[in-house]
Amino acid sequence: MKIDQLLEILRERRAHLSVDKGGCLRVEAPKGALNSELQGALRKQKKSIIALLESSASSRTDYKLDAMLPNGFKVPQTLLCKKPKLVLLTGATGFLGKYLLAELLRQTSVKVVCLVRSTGKDRVEQGLKNSGIWEDSFRSRLSYIEGDLAKELIGLDSKIYNELVQKVDLIFHNGAHVHHGLPYSSLRAANVGGTLALLKLAAAAEASFHFVSSLSVLPSMSSGVTDRFFEADPLEEISPPRGGYNLTKWVAERLVENAGKLGLETVIHRPGPISGHSVTGEFNSQDFLYRLVRGYIATGSAPTGKIPLDLLPVDYVARAMVWLTMRSSLRRDSLRRYHFLHPNPASSELLFEACERAGLGIQRIPYQEWFQTLKKVASAGQEDHPLYPLVGLFASRGKSSQDYLEEAMEVPYDCAETQKSLSTAAFPLPSLDGALFDRYLEAIIREEKMKT
């Protein structure tokens with residue numbers, strides 16, 4: 001098991017790693033969280049983990065300083081509320097990013113400049129074409145600049161940077177280095193430094209700043225927290241999360257909050273679980289649910305019990321974010337936050353009913369029996385198996401699968417204000433019904449057939 005995969009699994013199992021004064025690795029984890037496979041992997045990777053933790057320790061302790069704007073950061077006091085004409089978008093090559101780009105071009109008449117790496121232009125257009133959302137009319141309003149979020153001035157030369165200062169009206173920052181197995185120090189330059197650089201650009205250009213964060217900056221439903229978290233809750237009053245990636249998003253949000261307090265028009269979008277397209281069924285291949293369903297299909301079995309699914313289709317999330325963005329840009333508020341998760345979660349039983357209609361014949365078995373299947377996948381080293389990357393996320397449990405799966409039914413995130421803001425939108429909130437899961441299964445089956 002590779003070290004980044006191991007760290008990702010340990011994060012999901014709520015295990016905390018540290019190095020004591022004697023240089024020994026300490027592991028704190030809930031009872032039963034570390035199965036034999038994980039314990040063996042920890043022993044094998046111990047030296048590498050200690051070196052990684054020690055190298056990132058100083059950066060981790062400085063995260064509070066990173067969340068503070070530099071002394072020279074200034075926001076013009078005469079910012080005007082204006083309709084945007086030129087938008088700078090980051091992260092357009094990602095799963096959500098390509099749909100955000102398409103919605104910006106469909107819903108508005110703005111011109112969009114995408115910040116990309118050297119091969120990003122081809123990837124952006126090909127990504128939209130592969131998803132069936134490319135329109136030839138986009139090309140006249142779409143341009144690209146090569147840059148890097150991890151570098152000074154986001155990797156731009158001074159001439160291009162100054163041109164953006166003169167022309168950009170709105171920055172939609174969706175880009176990030178996404179890796180849940182790496183420490184804060186490895187992700188800090190792109191996710192924290194990149195956000196700060198873009199905030200400076202927004203202030204210099206007198207542009208509004210829209211930041212795609214994540215609900216992972218808040219405590220999760222498995223953390224034992226019973227309070228609900230509302231859109232209006234300031235992040236400064238909430239403890240930072242564990243995990244390098246989540247911490248970088250927390251720090252970046254704090255920077256955006258602080259810029260908003262100085263008068264910069266800022267909006268924070270916090271998506272939760274994003275599922276496939278509501279019409280085509282296209283899924284993010286790295287998505288947990290997508291991998292899990294492929295694993296069910298591959299093994300022909302799944303554990304009994306129910307879990308709540310509060311996911312939102314990617315096309316709805318992108319459409320809603322852009323719709324709110326365009327209306328937010330016509331108002332003058334210091335800060336707004338939006339939570340994107342389904343207010344009416346569906347039962348996972350709908351997924352298995354869709355499997356039955358698709359003729360997949362997924363057998364529902366007790367959790368412990370299903371867990372033995374996972375152990376066989378791990379012990380055989382089947383790295384190409386859909387369940388292999390997820391093996392460590394599950395553990396042997398003494399209690400029933402029903403208790404295991406329903407131990408955290410209450411979702412602690414509130415999205416009432418977001419849904420209220422969207423109540424006048426022309427597009428409705430999609431229902432999490434059998435028809436939607438049918439489309440998802442059809443897309444997964446179609447992709448599986450293409451691989452064989």
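# Reading helix packing, cores and loops

Mentor: Let's start with a pair of helices: H7 and H8 are roughly parallel to each other. Both labels come from DSSP runs, where helices (H or I) have at least four residues, strands (E) have at least two, and numbering starts from the N terminus. This is a predicted model, in which local features need pLDDT of at least 70 and side-chain atom pairs count only at pLDDT 80 or more, while totals for chains, interfaces and linings use all residues. Residues are numbered from 1 along each chain as its sequence is written, and side-chain values use heavy atoms, leaving out hydrogens and water.

Trainee: At what angle do H7 and H8 pack, and how far apart are their axes?

Mentor: Axes are lines fitted to C-alpha atoms, for helices over the stretch in contact, and angles run from 0 to 180 degrees between N-to-C directions. Under 35 degrees counts as roughly parallel, over 145 as roughly antiparallel, 65 to 115 as roughly perpendicular, and the rest as oblique. Here the angle is about 20 degrees and the axes are 9 Å apart.

Trainee: Which residues of H7 and H8 make the contact?

Mentor: Contact means heavy atoms within 4.5 Å. On H7 look for residues including Leu-187, Val-192 and Leu-199, and on H8 for residues including Leu-247, Val-251 and Leu-255. By class, this contact has 12 nonpolar, four polar and one charged residues. For these classes, Ala, Val, Leu, Ile, Met, Phe, Trp, Tyr, Cys and Pro are nonpolar, Asp, Glu, Lys and Arg are charged, and the others, Gly among them, are polar.

Trainee: How do I read a nonpolar core, and which residues touch the most other members of the largest one?

Mentor: A core is a set of buried Ala, Val, Leu, Ile, Met, Phe, Trp, Tyr and Cys residues joined through side-chain atoms within 4.5 Å. Buried means under 20% relative accessible area, exposed over 50%, and partly exposed in between, using a 1.4 Å probe and protein chains only. The largest core has 51 residues, and Leu-88 and Phe-209 touch the most other members. Among the elements supplying at least two residues each are strand S3 (86–90), strand S7 (208–212) and our helix H8 (244–261). Helix H7 gives the most, with 11 residues.

Trainee: What does Leu-88 touch?

Mentor: Setting aside neighbours within four places in sequence, its partners include Val-113, Ile-145, Phe-172 and Leu-201. Another core, of 43 residues, lies apart from the largest one, and Leu-105 and Tyr-316 are among its members.

Trainee: Is Glu-103 buried or exposed?

Mentor: Glu-103, found in helix H4 (residues 95–107), is buried, with a relative accessible area of 7%. Beyond residues up to four places away in sequence, Glu-103 touches Thr-108, Ala-318, Arg-319 and Val-322.

Trainee: What about loops? Where do Leu-153 and Ile-154 lie?

Mentor: Both lie in the loop between S5 and H6. Leu-153 has phi near 55 degrees, a positive value in a residue other than glycine. Ile-154 also has a positive phi, about 45 degrees, and is not a glycine.

Trainee: How many helices and strands does the protein have?

Mentor: There are 15 helices and 15 strands. Of the 452 residues in the protein, 51% are buried.
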